[in-house]
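Subject: The structure we talked about

Hi there,

Here is the structure I promised to send over.

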Amino acid sequence: MSSQIHLLAEERFHITGSRAVAFTLVGYIRDGEQFAVLFGDNLFVTQLLEVDDDQLIFDFGGAEALNQALLRVEGCRLSGRPDGVQVHFDVGRVSAVVHDGRPAFAVPLPQTIIRLQRRESFRIATPLLNPLRFCIRLTDDKEIELPSFDISLTGIGLLAANEPELTSGQLLTQCRFALPDEAQDIQLAARVQHITTFEPRTGGQQWRIGVHFLNVSPAIEKRLQRYIARLERERKELA
């Protein structure tokens, strides 16, 4: 299992150096990529606007309360999926600026941009008889729970027997699920990547929902690595 975890971890690709980081960010700006801003239990979606000298400028969010909260914290993480590859980078304290006549945030350029390569996006089927149950809190008094059919370090595939109350691109700020033999639930934010319909052999219609994890901490990532390695080992033993 340890060798499997090592293989997963070494697939990371780090972009370092101020020129390389700036060049990469300029490319994301040119392509109009969206990023989620993550800090504490909060997140909102933003657009990268400009690399100016040694700082990155990105757009304010739609909720003023979140914009003001971001100005009070020591730093945040920006996470996105340019060309379908998960990318994230950490930045320090943000400041408010005006860009093209509109309010925006400015931060020093990150020291490193981390891309998670194909191996980290490798998906493995989860058990069908006793599936993982993924819980999504939609409002203070409403939560939905859906079974999974596969999982990776970067996301999870869910099944729905009825048309889900979700939309593609929707941010899910409060999600949780339990891994077997673990007492503590994994809690994170996520985004709905896609929703597709299919007809199972038994007839009728079902929905597959691809969910992308947003704020995966190193501790959560290690737990997911252990679980994926366990599934891989069990699959090989049954082969």
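Two strands are said to pair if DSSP finds at least two bridges between them. Please keep in mind that this is a predicted model.

With that definition in hand, let me begin with strand β5. Residues 76–80 make up this strand, and 4 of its 5 residues are buried. On one side of the pairing list is β2 (residues 34–39), which runs antiparallel to β5 and is joined to it by 4 bridges. Within that pair, Phe35 has Gly80 as its bridge partner. β5 also runs antiparallel to β6 (residues 87–91), with 5 bridges between the two. Gly80 turns up again here, with Val87 as its partner in β6. β5 and β6 form a hairpin with 6 residues between them, and Asp83 in the turn has a positive phi of about 55°.

β3 pairs with β4 in the antiparallel sense through 4 bridges, and Glu50 has Ile57 as its bridge partner in β4. These two strands form a hairpin as well, with 2 residues between them; Asp53, in the turn, has a positive phi of about 55°. β4 and β8 also run antiparallel, joined by 5 bridges, and Phe58 stands opposite Phe105 in β8.

On the subject of backbone angles, most residues other than glycine have a negative phi. Asp100 has a positive phi of about 50° and sits in the loop between β7 (95–99) and β8 (102–108). Asp181 has a phi near 65° and lies in the loop between β14 (171–177) and β15 (186–198). Are these two buried or exposed? Asp100 is exposed because its relative accessible area is 73%, and exposed means over 50%. Asp181 counts as exposed too, at 73% relative accessibility.

The largest nonpolar core has 30 residues, and Phe134, Ile151 and Phe177 have the most contacts inside it. Several elements each supply at least two residues of this core, including β11 (133–139), β12 (142–151), β16 (206–213) and α4 (218–238). The element that gives the most is α4, with 5 residues. Setting aside neighbours within four places in sequence, Phe134 is in contact with residues that include Ile144, Leu146, Leu158, Phe177 and Phe213. Apart from this core lies another, of 26 residues, with Phe39, Phe58, Val107 and Leu109 among them.

Finally, a word on confidence. The protein averages a pLDDT of 87, and 92% of the residues score at least 70. Over residues 1–11, however, the pLDDT is below 50, although this stretch has 20 contacts in the model beyond near neighbours in sequence. Where pLDDT is low, the predicted coordinates should not be read in detail.

Best wishes

Key. Residues numbered from 1 in each chain as written. Predicted model: local features only at pLDDT ≥ 70, side-chain atom pairs only at ≥ 80, totals over all residues. Heavy atoms only, no water. Buried < 20%, exposed > 50% of the residue type's maximum accessible area, 1.4 Å probe, protein only. Core = buried A, V, L, I, M, F, W, Y, C linked by side-chain atoms within 4.5 Å. Contact = heavy atoms within 4.5 Å. pLDDT = per-residue confidence, 0-100.
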